[in-house]
Amino acid sequence: MVSTALLAIAKAGWSPILRARSGSALKPCLFQSFASTASARAAAKSKTRNTEVSLFAPAVTGLCHYVQHPLALARARDARGFASTPGGQRSADADLNNAEGTPAQTNYGPVIGRFPASARPYLYLTRLDKPIGTWLLYWPCVWGIGMAAFSTGMPMGSMASMMALFGTGAVVMRGAGCTINDLWDVRFDRMVERTKTRPIASGAITRPRAFAFLGAQLAAGLAVLVQLNPYTIAFCLGSMPLVVLYPFMKRITYWPQLVLGLAYNWGALAGWSAVAGSIDWAVALPLYAAGVSWTLVYDTIYGHQDKRDDITAGVKSTSLLFADKTKAILSGFSTSTIGLICLSGYMNGQGLPFYATVLGAGTAHLAWQLRKVDIDNPAVCWSVFKSNTWFGAIIFAAILADLAYERCSTSSSDAESKQPAA
């Protein structure tokens, strides 16, 4: 019976099955033709098998309805872009590597929406619509530049040019960091509500194209870097292992924010060396440590947005580690941030305007954050996280105010010394 059925199917041809695998509908009449062919040939060959064939023919006829259902399910699964089974996941990874996905409609917002459609996924990948990350990377750079300018007497015009150069680098390298992060986290991003529309996770950008885009970003970053002195070029290259390893840390430790802080505040050291040609560690190291401590504050708040999804996905963070004790622990890190900034200022010979601004406005802002944040409300966490750009601006304003005061005082003293004696 089985051999007769197989022979009938073979002679009827495989094209209906091939068309089914290519995504077209599998029509019931084609399977019915299989059934009738099998019945006719079996009856001609042996009348003694009529009973078996009569049982087999309805079975094959019914097969069309049985097969159509899983094929429809398969097509629906393919439309989603990935499956929940390990084999399905490997298939999804192959799709990401070799073809553009069909992502759900993404709301790019008013900023990215102004650009051509082909560029929007790449700009979205760099978080162009969320500049807070660039600001948080930039502020430690200008802290270092400003304090080095105070120490070395660098002209204000040269200082402004250096700040513009580091600003360009911050935009480029923050985008590169986002690309690296999303290449690492593609599976996690699919499981987190807030990140599942990111271009690589959604399939809007394939992995090969993301790697090519990353190469272009790093080339642009290198073009900025070579404008600096050789010491700073070599020193900045030392931060790349931290940038690459940060996304991996959330898989193995509850302290990925510490690694992020080490990478994100490298600019405090690089800014100093770009101005001075070397690093005065007595000043720059406390400033760097203050930035790391600050990062633990704001990124822990940021992480509380996704803590429910992170538990499901197996992502670790200080947000989960600190849990209900977050505010108390972040109070300690906030205190250390202010203390280390003041220590750096003391080692650099900063004056009254610096300390008044840091201890006054800086402390007030961090205290306000901890009072306002609701770690169980993602919208409030995002709002408080974004406010940290004002803290960075406050510290830079303290440095700038002291620099202006010191320059004015020096100019007045020079003018008085040049006056002839009566």
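This briefing covers the fold, aromatic contacts, surface and salt bridges of one protein. The model is predicted. The protein has 23 helices and zero strands. Of its 422 residues, 44% are buried.

**Overall build**

- Among contacts with a separation of 6 or more, 74% join residues 24 or more positions apart.
- The protein exposes about 20,800 Å². Carbon and sulfur atoms supply 64% of that area.

**A buried threonine**

- Thr-295 sits in helix α17, which runs over residues 281-303.
- Its relative accessibility is 0%, so Thr-295 counts as buried.
- Leaving aside residues up to four places away in sequence, Thr-295 touches Gln-257, Leu-260, Gly-261, Asn-265 and Thr-300.

**Aromatic rings**

- The whole structure holds 20 aromatic pairs.
- One of them is Phe-235 with Trp-266: the ring centres are 4.8 Å apart and the planes meet at 20°, under the 30 degrees cut-off, so this pair is stacked.
- The pair links distant parts of the chain. Phe-235 belongs to helix α13 (residues 230-237) and Trp-266 to helix α16 (residues 266-276), 31 residues apart.
- Phe-235 has a relative accessible area of 15%, under the 20% limit, and is therefore buried.
- Trp-266, with a relative accessible area of 16%, is buried too.
- One aromatic cluster is formed by Trp-143, Trp-294, Tyr-298, Tyr-302, Trp-382, Phe-385 and Phe-391.
- Trp-382 of that cluster has Lys-130 over its face, at 5.6 Å from the ring centre.

**Surface features**

- Tyr-254, Trp-255, Leu-258 and Leu-321 make a nonpolar surface patch of about 340 Å².
- Trp-255 lies in the loop between α14 (240-252) and α15 (256-264). Its relative accessibility of 32% falls between the 20% and 50% limits, so Trp-255 counts as partly exposed.
- Tyr-254, another member of the patch, has the charged end of Lys-316 over its ring, 5.8 Å from the centre.
- Trp-390 is placed in helix α23 (residues 388-418). Its relative accessible area is 59%, over the 50% limit, so Trp-390 is exposed.
- Trp-390 and Trp-139 are 251 residues apart along the chain, yet their C-alpha atoms are separated by 9.8 Å.

**Salt bridges**

- Side chains of opposite charge can pair when their charged atoms come close.
- The count here is nine salt bridges.
- Arg-198 and Asp-182 form one of them, at 3.6 Å from N to O.
- Arg-198 lies in the loop between α10 (186-191) and α11 (199-202), and Asp-182 in helix α9 (residues 156-184), so the bridge ties together parts 16 residues apart in sequence.
- Arg-198 also forms a salt bridge with Asp-189, where the closest N and O atoms are 3.6 Å apart.
- Arg-198 has a relative accessible area of 12%.
- Asp-189 has 5% relative accessibility, so this residue counts as buried as well.
- Glu-193 and Lys-196 meet in a salt bridge at 3.1 Å, N to O. Glu-193 is exposed, with a relative accessible area of 54%. Lys-196 counts as partly exposed, at 38% relative accessibility.
- Salt bridges that share partners join Arg-127, Asp-182, Asp-189 and Arg-198 into one network.

Terms used. Residues are numbered from 1 along each chain as its sequence is written. This is a predicted model: local features need pLDDT of at least 70, side-chain atom pairs count only at pLDDT 80 or more; totals for chains, interfaces and linings use all residues. Side-chain values use heavy atoms; hydrogens and water are left out. Helices (H or I, at least four residues) and strands (E, at least two) are DSSP runs, numbered from the N terminus. Buried means under 20% relative accessible area, exposed over 50%, partly exposed in between (1.4 Å probe, protein chains only). Contact means heavy atoms within 4.5 Å. Accessible areas come from the Shrake-Rupley method with a 1.4 Å probe; for residues, only the protein chains shown count as cover. Patches are made of residues with over 30% relative accessible area and no salt bridge: like charges are joined within 9 Å, nonpolar side chains (Val, Leu, Ile, Met, Phe, Trp, Tyr) within 5 Å. A salt bridge is a side-chain nitrogen of Lys or Arg within 4 Å of a carboxyl oxygen of Asp or Glu. Rings of Phe, Tyr and Trp (its six-membered ring) pair if their centres lie within 6.5 Å; planes under 30 degrees apart count as stacked, over 60 as edge-to-face and the rest as tilted. A charge sits over a ring if NZ of Lys or CZ of Arg is within 6 Å of the ring centre and within 35 degrees of the ring normal.
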